[in-house]
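The stops below are given as selections, one after another.

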Amino acid sequence: MTSLLTETILPISLFFIMLGMGMTLLVDDFKRVLVYPKAVSIGIIGQLLLLPVFGFLIAFSIPMPPELAVGIMILAACPGGSTSNIISHLAKGDTALSITLTAISSTITVFSIPVIINFALQNFMGDGAELSLPIFKTMKTLFTITLLPVAIGMLIKAKAPGFADRQEKLVNNFSGGFFVFLVIFIIVVERDNLLQALLVSGLACLILNVGMMSLGYIMSRLSQLDKRQSKTITIEVGVQNTTMAFVIVGAFLHDTAFALPAAIYSLIMYATTGSIIAYSRKNIPETQIS
């Protein structure tokens with residue numbers, strides 16, 4: 001069952017999820033970096049540079065089993081995802097900026113993820129560790145299950161926009177249901193190690209989430225971005241693509257212990273972003289944009 005899930009079901013499901021994300025994107029979403037250069041730059045720096053650095057500092061500073069430390073780094077290497085777009089919209093953030101950041105980060109992480117995770121494996125698993133990610137094979141796999149379906153989805157959006165729009169609810173429902181299944185599956189498989197993981201990596205995940213969201217908001221406001229953009233960047237650096245983390249663990253590391261931080265982080269990030277959504281919808285008028 002585990003082999004079937006990791007080798008077949010997970011990659012196919014992520015392909016379908018990324019296809020759905022592609023059907024929400026337009027070429028203009030990539031061009032929008034020219035419209036919001038400051039906001040996009042801050043978001044990308046936060047997601048692709050500061051997040052892995054902060055994740056490493058946390059994993060290095062808090063004593064924990066090496067698998068959990070690597071799991072923190074896997075999590076930090078997988079920023080964004082379509083979930084952040086939905087959360088940004090619900091929280092009355094800048095949805096266009098969120099989509100732009102997701103589109104750009106999804107492209108770059110094909111190349112950055114193997115490098116970051118190999119760095120983590122070398123630092124936390126010891127010199128004699130046999131585990132490593134083959135760089136080019138990993139990039140090829142990530143391209144096949146992320147960029148390729150996104151490109152196909154964008155083509156469908158361009159040629160058949162009505163069809164693409166009608167599939168959005170279906171894909172969102174599937175993504176949410178599949179994500180819940182993955183979290184439950186990881187918890188059941190690793191139930192004997194769950195208490196230790198909660199005590200150790202739970203703290204690390206909480207610090208990573210709250211710390212990065214705080215840093216993202218502070219950076220945005222210091223850069224004089226408006227409140228909607230600041231909120232979106234706060235969400236983008238705090239919402240990680242945990243489904244991608246599960247796929248990487250299943251496809252390359254073959255040990256669900258590495259995925260425990262992602263499962264724990266999922267619960268934390270939905271709690272914190274849920275609070276942002278609740279506050280925004282209760283206290284911020286629809287017309288307020290800065």
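Start with Lys157, which counts as buried because its relative accessibility is 15% (buried means under 20% relative accessible area, exposed over 50%, partly exposed in between, with a 1.4 Å probe and protein chains only). This is a predicted model, in which local features need pLDDT of at least 70 and side-chain atom pairs count only at pLDDT 80 or more, while totals for chains, interfaces and linings use all residues. Residues are numbered from 1 along each chain as its sequence is written, and side-chain values use heavy atoms, with hydrogens and water left out.

Lys157 lies in helix α7, residues 135–159 (helices are DSSP runs of H or I with at least four residues, numbered from the N terminus). Show what surrounds Lys157: apart from neighbours within four places in sequence, Lys157 is in contact with Gly22, Met23, Leu25, Leu26, Ala164 and Asp165 (contact means heavy atoms within 4.5 Å).

Next select residues 161–189, helix α8. Its 29 residues span 41 Å from first C-alpha to last, close to the 42 Å expected at 1.5 Å a residue (the expected span is 1.5 Å times one less than the number of residues). Centre the view on Glu168, where α8 has a kink of about 35° (the bend is the angle between axes fitted to the seven residues ending at a residue and the seven starting there). Then colour the buried residues of α8, among them Ala164, Gln167, Val171, Phe178 and Ile186.

Ser84, Asn85, Ile87 and Ser88 of α5 make the contact with Thr232, Ile235 and Glu236 of α10.

On the α6 side, select Thr95, Leu97, Ser98, Leu101 and Thr102, which meet Arg228, Gln229, Thr232, Ile233 and Glu236 in α10.

Gln224, in the loop between α9 (191–222) and α10, has a positive phi of about 65° although it is not a glycine. Gln224 counts as exposed, at 69% relative accessibility. His254 sits in the loop between α11 (242–253) and α12 (260–283), and its phi is also positive, near 55°. His254 is exposed, with a relative accessible area of 55%.

Notes. Helices (H or I, at least four residues) and strands (E, at least two) are DSSP runs, numbered from the N terminus.
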